[in-house]
Amino acid sequence: MLLSVIDGADGYLQFMTVLILFVLVLAVTWGVTRWIARYQQGRSGIGNLEMIETCRISPNKYIQIIRAGEKYLVIAIGKDEVHMLSTLSKEELVLRESPEGEAIDFANIFDRVKKMKEKDKG
């Protein structure tokens, strides 16, 4: 009887250890992902090159609008090649923004979906 109680406590302790380690790894992964995203976002607008918009046309082919200095270029990107399609002037671009003027990111989209679900329930 005493042995089964000790085995049960040992199993519970092992489960709690694994659960704590899992939560710790998940938190570290979340933190590192956010740090890398902020780092890359900060670097994307600095310098002479900036990716403005991307459109996927097949699993490994894209059309992108990039800013190179003061020029805007339309390029086609394939698996092993990049081709320039056209140049655009700043006046020809139609830049999209979110309806409220806030940055479009997952957190904002998630909040909007939550609000829509709350309206449906209420």
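Trainee: What joins β3 to β4?
Mentor: A hairpin of 4 residues links β3 to β4. Strands here are DSSP E runs of at least two residues, helices are H or I runs of at least four, and both are numbered from the N terminus. Before we go on, this is a predicted model, so local features need pLDDT of at least 70 and side-chain atom pairs count only at pLDDT 80 or more, while totals for chains, interfaces and linings use all residues. Residues are numbered from 1 along each chain as its sequence is written, and side-chain values use heavy atoms, with hydrogens and water left out.
Trainee: Okay! In which sense do β3 and β4 pair, and over how many bridges?
Mentor: Strand β3 (residues 71–77) and strand β4 (residues 82–88) pair in the antiparallel sense over 6 bridges. Pairing requires at least two DSSP bridges between the strands.
Trainee: And what stands opposite A76?
Mentor: That's H83, in β4.
Trainee: Switching to β2: is Q64 buried or exposed?
Mentor: Q64 sits in strand β2 (residues 61–68) and counts as buried because its relative accessibility is 16%. Buried means under 20% relative accessible area, exposed over 50%, and partly exposed in between (1.4 Å probe, protein chains only).
Trainee: Which side chain does Q64 contact?
Mentor: The side chain of T54, through a polar contact of 3.2 Å. Such a contact is a pair of N or O atoms within 3.5 Å; within protein, one must be able to donate a hydrogen and the other to accept it, and residues adjacent in sequence count only if both atoms are side-chain atoms.
Trainee: Now the helix. Where does the side chain of T29 come in?
Mentor: T29 is in helix α1, and a polar atom of its side chain lies 2.7 Å from the backbone oxygen of V25. With 42% relative accessibility, T29 counts as partly exposed.
Trainee: How many aromatic pairs are there?
Mentor: The count is 1 aromatic pair. The ring centres of W35 and Y39 are 6.1 Å apart with planes at 20°, so this pair is stacked. The rule takes rings of Phe, Tyr and Trp (its six-membered ring) with centres within 6.5 Å; planes under 30 degrees apart count as stacked, over 60 as edge-to-face and the rest as tilted.
Trainee: How far apart are W35 and Y39 along α1?
Mentor: They are 4 residues apart, about one turn of the helix. W35 is exposed at 55% relative accessibility, whereas Y39 is partly exposed at 44%.
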